[in-house]
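Here is a short briefing on one structure. Please look over the sequence and the model before reading the notes below.

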Amino acid sequence: MIRIRLILIVVSTFSASVVFAAGGVVNSPTGTAPDRYVYFPGTEALKKDEIRLIACGTGLPAARRDQAATCWLAELGNGDKFLFDVGTGSMTNVAALMIPYDFLDKVFLTHLHTDHWGDLTTLWAGGWTAGRTKPLRVWGPAGATPDMGTAYAVDHFLKTFNWDATTRNFVLSAEPGKITVKEFDYKAVNAVVYSENGATIRSLPAIHAGDGPVSFILEYAGLKVVIGGDTFPNKWYIKHAANADLAIHEVFLTPPDLVRLYGQSPGQALGVGTQIHTSPQAFGKVMSTIKPRHAVGYHFFNEQATHDDVLEGVKQLYSGPLSLAVDNMVWNISKEKIVERMIISPDQAWAVNGPNKPPAPPAPGTIPDPISDFIKSGRWQPAEEAQAPMVEKFKKDNNLK
Ligand SMILES: [Zn+2]
Ligand SMILES: [Zn+2]
């Protein structure tokens with residue numbers, strides 16, 4: 001089934017200037033229909049000075065089919081692609097873009113709640129089996145103590161998935177299964193954590209649940225995109241996100257909706273909705289203060305039952321261009337304009353090869369076989385015999401010994 005979410009664009013956005021309506025003029029019964037406000041992944045080259053930003057996850061820790069947990073993909077005109085967070089469930093949306101996994105090797109984590117890195121499993125192992133030829137690179141904040149930092153988390157992630165890696169290493173090159181971590185000080189303000197190819201990424205401290213969380217600022221071609229992580233509104237974001245072209249900031253469900261729909265007690269709802277996260281009114285105040293070209297709110301289950309409540313709170317304090325994000329929204333950002341559309345992508349996406357050949361698997365005998373003779377002795381011969389003619393034909397057709 002192909003997902004079409006045109007209606008949501010209209011209700012999610014109240015700045016007419018950023019929505020380019022469907023339609024255009026169809027001049028011929030055999031011609032094409034221009035100006036649809038949808039994006040079909042893989043069909044548009046980026047201009048050199050353009051950024052394409054895709055919402056691959058905009059929801060909550062209990063990921064649901066309609067909304068995965070936090071994940072943003074930034075694609076730059078210089079060819080660089082960065083994943084900002086890779087929350088639970090988000091990789092199915094990333095996969096539907098059918099971008100070669102080799103191009104998806106750089107991940108920036110705002111913090112270590114699972115709704116912001118739970119699908120690193122899928123990117124790591126899935127990307128490894130589906131054509132990534134090199135290690136993943138992960139940037140993330142240090143913690144107040146070493147065991148609360150990104151390096152510790154990734155080190156133990158690899159230990160947790162030791163069986164997965166050991167069994168794959170027997171048949172695949174181990175290289176794409178490695179993860180390189182660059183940890184940085186979560187207290188550093190507007191500090192550069194990445195600078196290559198004309199793209200710069202800086203980090204800001206965030207106020208959320210414990211020490212460690214950050215937000216990121218991506219600068220490229222004179223454009224500034226701020227990727228706000230989970231946070232109560234903070235002075236660093238206010239100062240350094242000012243005049244952003246696109247400013248993403250979390251906006252949480254209203255306390256009444258947290259009680260009504262999320263089963264929280266009123267006390268819990270007030271704590272989560274106004275202290276650990278950002279209420280709609282507080283989000284509105286942030287955006288009317290920093291005045292971005294375009295504001296994006298996310299991190300709530302966005303549906304008819306909640307959308308208007310969040311929007312109403314935001315509008316009390318902010319009336320500028322706004323998207324309340326859902327999964328598969330996309331923004332093309334350039335000096336001239338910011339265009340928001342919805343993505344139409346296949347549910348049954350396959351991995352697409354990139355230009356690089358995967359490194360060779362290990363030579364036979366160089367790595368211990370993870371399957372013992374005892375387990376091998378249980379192979380059922382009739383199955384071998386049943387498939388033998390098919391196997392022989394395939395070998396012959398492909399010159400295999
Ligand atoms: Zn969090
Ligand atoms: Zn979160």
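In sequence, the donor residues of the zinc ion (ligand 1) follow the spacing H-x1-H-x94-H-x21-D. Donors here are N, O and S atoms within 2.8 Å of the metal (3.2 Å for Na, K and Ca); water is not among the atoms, so sites may look incomplete. This is a predicted model, in which local features need pLDDT of at least 70 and side-chain atom pairs count only at pLDDT 80 or more, while totals for chains, interfaces and linings use all residues; side-chain values use heavy atoms, with hydrogens and water left out. Residues are numbered from 1 along each chain as its sequence is written, and chains are lettered from A and ligands numbered from 1 in the order in which they are written.

**Zinc ion (ligand 1)**

- Its donors are His111 (NE2), His113 (ND1), His208 (NE2) and Asp230 (OD), at 2.1 to 2.4 Å from the zinc ion (ligand 1).
- The angles among the four donor atoms run from 93 to 167°, and the site of the zinc ion (ligand 1) is irregular.
- Four donors count as tetrahedral if all angles lie between 85 and 135 degrees; four count as square planar and six as octahedral if opposite donors are over 155 degrees apart and all others between 65 and 115; anything else is irregular.
- His113 sits in the loop between strand 5 (106-108) and helix 3 (114-117), and Asp230 in the loop between strand 11 (223-227) and helix 7 (235-240), so the pair ties together parts that are 117 residues apart in sequence.
- Helices (H or I, at least four residues) and strands (E, at least two) are DSSP runs, numbered from the N terminus.
- His113 is partly exposed, at a relative accessible area of 34%, whereas Asp230 is buried at 1%.
- Buried means under 20% relative accessible area, exposed over 50%, and partly exposed in between (1.4 Å probe, protein chains only).

**Zinc ion (ligand 2)**

- Asp115 (OD), His116 (NE2), Asp230 (OD) and His299 (NE2) coordinate the zinc ion (ligand 2), at 2.0 to 2.1 Å.
- Asp230 bridges the zinc ion (ligand 2) and the zinc ion (ligand 1), which are 3.3 Å apart.
- The site of the zinc ion (ligand 2) is irregular too, with angles of 91 to 160° among its four donor atoms.
- Its donor residues are spaced D-H-x113-D-x68-H in sequence.
- His116 belongs to helix 3 and His299 to the loop between strand 13 (294-298) and helix 11, so this pair ties together parts that are 183 residues apart in sequence.
- His116 is buried, with a relative accessible area of 0%, and His299 is buried at 2%.

**Helix pairs**

- Two packed helices are described by the angle between their axes and the distance between the axes.
- Axes are lines fitted to C-alpha atoms, for helices over the stretch in contact, and angles run from 0 to 180 degrees between N-to-C directions.
- The axes of helix 8 (residues 255-262) and helix 11 (residues 304-315) come within 10 Å and cross at roughly 170°.
- Helix 8 is therefore roughly antiparallel to helix 11.
- Angles under 35 degrees count as roughly parallel, over 145 as roughly antiparallel, 65 to 115 as roughly perpendicular and the rest as oblique.
- Asp257, Arg260 and Leu261 of helix 8 make the contact with Ala305, Thr306 and Asp309 of helix 11; contact means heavy atoms within 4.5 Å.
- The axes of helix 4 and helix 6 (residues 162-169) come within 12 Å and cross at roughly 10°, so these two helices are roughly parallel.
- Trp124, Ala125, Trp128 and Thr129 of helix 4 meet Asp164, Ala165, Arg168 and Asn169 of helix 6.

**Buried helix faces**

- In helix 4 (residues 120-129), the buried residues are Leu120, Leu123, Trp124, Ala125, Gly127 and Trp128.
- In helix 10 (residues 280-290), they are Pro280, Ala282, Phe283, Gly284, Val286, Met287 and Ile290.
- The cover over the buried residues of helix 10 includes helix 7, strand 12, strand 13, helix 11 and strand 14 (322-324).

**Positive phi**

- Most residues other than glycine have a negative phi.
- Asn243, not a glycine, has a positive phi of about 60°.
- Asn243 lies in the loop between helix 7 and strand 12 (246-250) and is exposed at 62% relative accessibility.
- Asn399 has a positive phi near 55°, lies in the segment after helix 13 (381-397) and is exposed at 73% relative accessibility.
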